[in-house]
Amino acid sequence: TVTLCGTTVSVLYFARSAELAGLRCETLSVPREITSLQLWEEIVKVHPRLAVIRDQVIFAVRQEYVHLGDQLLVLQPGDEVAIIPPISGG
Amino acid sequence: MEESEDVPKDFVKLKCEKLSVDEVSELVVSPYCGAVSLFIGTTRNNFEGKKVIHLEYEAYTSMAETEIKKICRNVRQKWPSVKHIAVHHRLGVVPITEASVIIAVSSPHRTESLEAVMYCINTLKASVPIWKKEIYEDEYSWKENKECFWANSEN
C-alpha cells in the first residue's frame with residue numbers, strides 16, 4: 001500500500017493493550033487525515049491481537065480522549081496517540 | 001504580623017514510593033481554613049473470594065497529571081471557597097493495606113472540602129488514565145472502574 005500525505009505518530013500502549021501488542025511505544029506512519037476508526041484499523045494491521053479489545057478502548061490523541069468512530073483526526077508529525085483500555089485508578 | 005496571601009494551590013504527584021497521609025494533609029493546611037478533608041484509597045486483600053497478593057499501578061503519566069489538574073480546576077469552579085487541593089497517587093507495586101491514593105482538600109468550612117474530596121475521587125475514577133492490575137496467587141486481572149466513562153458503551 002502507498003500512503004499519500006502521511007505522517008509519523010508515536011503510538012503508546014498501556015495495560016492490557018501493551019500486553020497484547022507486546023510493546024509500550026512505537027512510531028507509525030499513517031495518513032495525515034484519518035478517522036479514529038481508520039486509525040484503529042491501521043494499528044490492528046500491525047498488532048492483530050489488539051482486535052479483541054476494540055469495544056473497550058478509547059484513544060487519547062494529543063492527550064485528548066477520542067472515541068473510535070467517524071471523528072476526523074488531523075495528525076501532525078510526532079503527535080502522541082495512546083491506546084487507553086478501561087481505567088482503574090484510585 | 002504579615003500573613004502571606006496563601007494563594008490557592010494544587011499539589012498533584014504520581015510516585016512509586018509509599019504515600020504519606022501526614023505529608024499530603026500538611027500540603028493543604030492553611031490559616032484561613034477550618035477544615036481539611038481527606039480520602040485514602042487502600043488496597044484490599046480479596047476480590048470475589050480470591051486472595052489478592054498485591055496491586056500494580058501504571059499510568060499515562062503526563063496525561064494523568066493533566067487530567068487531575070482539570071479536576072482541580074473543576075473543583076474550584078464548583079466550590080470557590082476551596083483553598084488547597086492535593087492528590088497523590090502511587091504507581092508500581094502497592095502492598096495490601098497501603099494507600100494507592102490520598103486526596104486532601106482545605107476550605108474555610110467543612111461542607112465544601114468534604115464535597116470536593118468526594119468529587120475528586122469519583123471523577124479520578126472516571127477519567128484519569130491510570131490502570132490497576134490485581135495480582136492473585138495463580139493469575140492476575142486488569143481492573144475496570146465502573147465509573148470509566150467509555151467502558152460498556154456502544155461503539
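This is a predicted model: local features need pLDDT of at least 70, side-chain atom pairs count only at pLDDT 80 or more; totals for chains, interfaces and linings use all residues.
A residue is called buried when its relative accessible area is under 20%, exposed when it is over 50%, and partly exposed in between.

**The interface**

Chain A contributes 26 residues to the contact and chain B contributes 34 residues. Together the two chains bury about 2,500 Å², with 54% of this area on carbon and sulfur atoms. Three salt bridges cross the interface of chain A and chain B; Arg24(A) pairs with Glu58(B), with 3.1 Å between the closest N and O atoms. There are also 20 residue pairs in polar contact across the interface, both residues being at pLDDT 80 or more. On the side of chain A that touches chain B, at least two residues each come from helix H1 (15–21), strand E4 (58–61), strand E5 (64–66) and strand E7 (80–84) of chain A. That side of chain A comprises 13 nonpolar, six polar and seven charged residues.

**Salt bridges within the chains**

Over all chains, the whole structure holds 14 salt bridges. The table lists pairs found within a chain.

| Pair | Closest N to O |
|---|---|
| Arg62(A) and Asp79(A) | 2.5 Å |
| Arg76(B) and Asp10(B) | 2.8 Å |

Glu42(A) and Lys45(A) are about one helical turn apart, because they stand three residues from each other in helix H2 (residues 36–46) of chain A. Glu42(A) has a relative accessible area of 25% and is therefore partly exposed, whereas Lys45(A), at 61%, is exposed.

Arg62(A) and Asp79(A) form a salt bridge. Arg62(A) lies in the loop between E4 and E5 of chain A, and Asp79(A) in the loop between strand E6 (72–74) and E7 of chain A, so the pair ties together parts 17 residues apart in sequence. Arg62(A) is partly exposed at 45% relative accessibility, while Asp79(A) is buried at 9%.

In chain B, a salt bridge joins Arg76(B) to Asp10(B). This pair links helix H2 (residues 61–78) with strand E1 (residues 10–15) of chain B, the two residues being 66 residues apart. Both are partly exposed: Arg76(B) has a relative accessible area of 21% and Asp10(B) one of 32%.

**Residues with positive phi**

Gln63(A), which is not a glycine, has a positive phi near 65°. Gln63(A) is placed in the loop between E4 and E5 of chain A and is buried, at 19% relative accessibility. Thr97(B), likewise not a glycine, has a positive phi of about 75°. Thr97(B) belongs to the loop between strand E6 (92–95) and strand E7 (99–107) of chain B and is exposed, at 61% relative accessibility.

Note on methods:
Residues are numbered from 1 along each chain as its sequence is written. Chains are lettered from A and ligands numbered from 1 in the order in which they are written. Side-chain values use heavy atoms; hydrogens and water are left out. Contact means heavy atoms within 4.5 Å. Buried area is the accessible area (1.4 Å probe) that two parts lose on being put together, summed over both. A salt bridge is a side-chain nitrogen of Lys or Arg within 4 Å of a carboxyl oxygen of Asp or Glu. A polar contact is a pair of N or O atoms within 3.5 Å; within protein, one must be able to donate a hydrogen and the other to accept it, and residues adjacent in sequence count only if both atoms are side-chain atoms. Helices (H or I, at least four residues) and strands (E, at least two) are DSSP runs, numbered from the N terminus. Ala, Val, Leu, Ile, Met, Phe, Trp, Tyr, Cys and Pro count as nonpolar, Asp, Glu, Lys and Arg as charged, and the others, Gly among them, as polar. Buried means under 20% relative accessible area, exposed over 50%, partly exposed in between (1.4 Å probe, protein chains only).
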